[in-house]
Amino acid sequence: MATSNNDGAGAGHDGNDSGGGKRKNPCGAPFPPRPKAIATFLSSDDFLPGCQTLLHSLKMHLAPTPDGRYPPEILVLLSSRVGNAETKIIDRLHPIFCDRVVRVNHIPI
């Protein structure tokens, strides 16, 4: 798990920028810019139950966000090697466990 201070630009940006610095979700509503993110990498669907457990635990133990601030965005970086299971994985993670799933090139581990 990694933490990042990402303002939505540069590395990790998924290209859904609507201008003005606000991204849009698939329904068209703007996402506010968030200064922090928490991410995990999912390399195969075999690790899906563990990923769900990690994200659930994270949400249960994340410190409360002060008024006027946004909570960190919770991301799952999904390996390009998951292939046919991609849709199933995304449906089982987003929006229940994470804010966004970002497809990335496979990182050999």
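Q: Leaving aside neighbours within four places in sequence, which residues is Thr-40 in contact with?

A: Contact means that heavy atoms lie within 4.5 Å. Leaving aside its neighbours within four places in sequence, Thr-40 is in contact with Cys-51, Leu-54, Leu-55, Leu-75, Val-76 and Leu-77. Before we go further, please keep in mind that this is a predicted model, in which local features need pLDDT of at least 70, side-chain atom pairs count only at pLDDT 80 or more, and totals for chains, interfaces and linings use all residues. Residues are numbered from 1 along each chain as its sequence is written, and side-chain values use heavy atoms, with hydrogens and water left out.

Q: Is Thr-40 buried or exposed, and in which element is Thr-40 found?

A: Buried means under 20% relative accessible area, exposed means over 50%, and partly exposed is in between, with a 1.4 Å probe and protein chains only. Thr-40 has a relative accessible area of 13%, so Thr-40 is buried. Helices (H or I, at least four residues) and strands (E, at least two) are DSSP runs, numbered from the N terminus, and Thr-40 is found in strand 4. Five of the six residues of strand 4 (residues 37–42) are buried, so this strand is largely enclosed by the rest of the structure.

Q: Which strand is joined to strand 4, and by how many bridges?

A: Two strands pair if DSSP finds at least two bridges between them. Here six bridges join strand 4 to strand 5 (residues 73–79), and the two strands run parallel. The bridge partner of Thr-40 in strand 5 is Val-76. Between these two strands the chain passes through helix 1 (residues 48–61), and this β-α-β crossover is right-handed. A crossover is called right-handed if, with the strands pointing away from the viewer, the path from the first strand over the helix to the second runs clockwise.

Q: How many bridges pair strand 5 with strand 6, and which residue of strand 6 is the bridge partner of Val-76?

A: Strand 5 and strand 6 pair in the parallel sense over five bridges, and the bridge partner of Val-76 in strand 6 is Val-101. Here the chain crosses from strand 5 through helix 2 to strand 6, and this β-α-β crossover is also right-handed. Not counting residues up to four places away in sequence, Val-76 touches several residues, among them Thr-40, Leu-42, Leu-55, Leu-93 and Val-101.

Q: Which residues of the largest nonpolar core touch the most other members?

A: A nonpolar core is a set of buried Ala, Val, Leu, Ile, Met, Phe, Trp, Tyr and Cys residues joined through side-chain atoms within 4.5 Å. The largest one has 17 residues, of which Leu-42, Leu-55, Val-76, Ile-89 and Leu-93 touch the most other members. Strand 4, helix 1, strand 5 and helix 2 are the elements that give two or more residues to this core, and the largest share, four residues, comes from helix 1.

Q: Where does Gln-52 lie, and which residues does Gln-52 touch beyond four places in sequence?

A: Gln-52 lies in helix 1 and, at 19% relative accessibility, counts as buried. Not counting residues up to four places away in sequence, Gln-52 touches Arg-92, Leu-93 and Phe-97. Gln-52 and Arg-92 are 40 residues apart in sequence, and their C-alpha atoms are 8.3 Å apart in space.

Q: Where are Lys-88 and Asn-84 found?

A: Lys-88 lies in helix 2 and is partly exposed, with a relative accessible area of 36%. Asn-84, by contrast, is found in the loop between strand 5 and helix 2, and at 84% relative accessibility Asn-84 counts as exposed.

Q: Which peptide bond is cis?

A: The peptide bond from His-94 to Pro-95 is cis, with omega near 5°. Pro-95 is found in the loop between helix 2 (86–93) and strand 6 (100–104).

Q: Where in the chain is confidence lowest, and where is confidence highest?

A: The predictor's confidence in each residue is called pLDDT, and pLDDT runs from 0 to 100. The chain averages a pLDDT of 77, and 70% of the residues score at least 70. Confidence is lowest in strand 1 (residues 2–4), at a mean of 43, and highest in helix 1, at 96. Over residues 1–21 pLDDT stays under 50, which calls for care in reading that part of the model.
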